[in-house]
Each structure stands twice: as C-alpha cells, then as structure tokens.
Amino acid sequence: MAPTGRRRAALVLTALTATAFAPPTIQPTRRVALNAKVKTKKKKKTAKSTGGFGAAPKKTTLTDEEKEARAIRGAVRDATTALEEVRDQEGEAQAWLKLGAVLVRGGEFSEAERVFAAGAEKFDDEMLSAAEMTYRGHSLSYHRGPCAEWTNAVEFDEWVVGGPEQIEDHRTVSWKPEEPRAFASKSPLIPKDECDRVIALCEKRAEEMGGWQKARHAQAATTDMNVKDVPEILEWFNSRLKSTLFPMLASRFPDKIKDAADIRAHDAFIVKYDMEGQRSLPLHVDESAFSFTIALNDMSDYEGGGTRFERARRPGSSDPWKEEVLNADAGGVVAFAGKARHGGMQITAGTRYIIPLFCFVDENRSGKAPGYV
C-alpha cells in the first residue's frame, strides 16, 4: 500500500531531489543529461562578412517564453532518451524515479505521472508508489474522458480569492495576482433527492463499518468516507462528473481548462460536520489546481458552516481584502482555485454533509498530448 500524509510528501520531495539518486546503469556510449545539461565546448565561429568591415552579425535575444520552450524541449529530449536506455534494465527503480523527476522539472507532468505509475507497477518500491500517488491520486477510480457540454442556466456568485500576492502553481495551472476565483452556485446543480440518497448510503455504510473515518488526512483531518469505497455512490458520482461537475468547472475557468475531458479527480470524499464530531476545518491550501465542495443538505439543517476564504473581494473592486464565507443549499457547489487559502467554517448546531472534490488538469507544459513518453 502506498504511504500517505507527511510520510508520502517526504518521500516525493526526496524523489524529486537530484541528490537522492545513485546514477542509474546506463551504457556509456550514449550521453544522457538526466539532471542538467552537460556543457560542451563549442568551436569559435568566424564571423561572416556582412559588408561592414567584417563585423559579426547581431545576436538574437530570446524572450522568456522562448527560453522556457527551449528548456522544456531539452528536458523532454533528455528524458525520452533516458527511457530508451532504461527500458529493458530490470531492477533499475531509481532510473524510473530519476526519469520522472526530469519530466517534473521540465513541466511534463502528465508524462511524469505515467512514468511513476509504470515504475511502481514494475517494481515494489515505496518511493515510486509515493510519487505515483502524489501525481495521480485516485484519479483512475473516477471518470476520465469526454464530458457533456455545459448548458445549465445556473448562476454563480463570483469572488476574487487568495489576496494580492501570487498563489502557488499546480502542475501547468498558474495564477497571476488577483486572478484566482471562487464561484458559489445560486441554485442546485444536482437534485436534492440524489443528495438525500447519498447521505443515507453514507450513514448505512458508517453503521456497517463501525463509524466514519477520522484519521486519513494529516494536513487537514476530516470526519469522512471515500467516495470510491462505496460502489453505489461511486457509480452515481462518476455519472455526475461526466454530465455536470467537470463541465461546470471547465465553464468557470475557461482560461485554465481547455476541455472538460482533461480534468481528473485526484480525490473525493464525503465529509460530515456535527456537534459530536468535527465542527470545522482549519485554514489550509489544497494539493490541487481546483477544488470544490458539493453541498448534500440545505443550510437550514445547521447553523454556521460554509467554505471560509482568508482573503476575498469582488472582481474589479479596490476594497480591502476580507474574510468571506461561501455556501450553498443541497445540490449546490462552491468551486475555487485550490491553492487559495481556505477552511471550513465552524457549525454551531445541526449536521452538515458535503463532498469535497480535488481536481488537476491532465496536460504537459510542452502542449504534447499525454502519453507520448
């Protein structure tokens, strides 16, 4: 089983640090730059005459975008060559880790995810399993592929979140200051009867298993239950990802998500807030590009609650940043940039049920289709 929590994070950090690896066994006849480009001495070129006293031609200055593109092409070339070298070498788990690390540094996140997964399948290696879980999560359990078009007429309340500083990137998704958004639906996306059925299935499952889980998350612990562990809920949830949730998310962030088919669910679980157990969730940032909470019951069923953003204000406003709490009734959602600092507002009475969903975009910075390595 793959390690979780802080242990997994430490393993992956080690995996992506170049000094963590012994050099893989690679034939010396091939030059492969796995960690950095090897500097080679170039012959000094004699300037060609341009008709002006033999003056050398002017050097072309590359833009930052061109420099980045060149670096990415180099990393992709080096990683692809490395794969050819280690493909048939049994027992070279570190070579797979190193290859994945090269791809991560080059921004080829979809390829890194697939390399870590292939290595973990090939070798019984804790670090490969940790890297696979970090980059892929539980996405294979959830809908992947074509989605319905977003044609819903639901309106959303929009906020700028995260404050004036630039928030952290996630894979290929980056944010300029004041660009991150949070959207709260003003009406349900999912019928209330479906939400009621999910709650009933969860409580039945909890009774059979001796209670709700309370120790799955090291950073922000919740009283919860994995969506993927309840077959009836998983089937329903995947149907809603395809027909409603992924299309909605793509429609809210069109500059960041080219196609709803590229969205992946890293993790999803049902959370229960009540007066006997968990009442709130501390401020934190998610390990996702986009997050959202799906409300399973109405706000009239409890007091307090909602997704609390540390700093928010209206788009285009010059008002001071302030804390803002967004919420929705059963079937509604609050969708936002996962790296914006947020938490769960404390409830003071009743019971609140939600499904937090954590998503990433399956793409490479080079623009190449996932799976080419």
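This is a predicted model: local features need pLDDT of at least 70, side-chain atom pairs count only at pLDDT 80 or more; totals for chains, interfaces and linings use all residues.
At what angle do the axes of helix α4 and helix α5 cross?

Residues are numbered from 1 along each chain as its sequence is written, and side-chain values use heavy atoms, without hydrogens and water.

The axes of α4 (residues 109-122) and α5 (residues 126-136) cross at roughly 145 degrees and come within 8 Å. Here axes are lines fitted to C-alpha atoms over the stretch in contact, with angles from 0 to 180 degrees between N-to-C directions. Helices (H or I, at least four residues) and strands (E, at least two) are DSSP runs, numbered from the N terminus.

Contact means heavy atoms within 4.5 Å. Residues of α4 including Phe 109, Phe 116 and Ala 120 meet residues of α5 including Leu 128, Ala 131 and Tyr 135.

## The nonpolar cores

A nonpolar core is a set of buried Ala, Val, Leu, Ile, Met, Phe, Trp, Tyr and Cys residues joined through side-chain atoms within 4.5 Å; buried means under 20% relative accessible area (1.4 Å probe, protein chains only). The largest core has 49 residues, and Val 227, Ile 233, Phe 237, Leu 249, Phe 290 and Phe 292 touch the most other members. Helix α7 (231-252) is one of the elements that give two or more residues to this core, and α7 gives the most, with 10 residues.

Beyond its neighbours within four places in sequence, Val 227 is in contact with residues including Tyr 142, Phe 269 and Ile 355. Another core, of 15 residues, lies apart and has Leu 103 and Phe 109 among them.

## The whole chain

The protein chain holds 7 helices and 12 strands. Of its 373 residues, 48% are buried.

Technical notes
Buried means under 20% relative accessible area, exposed over 50%, partly exposed in between (1.4 Å probe, protein chains only).
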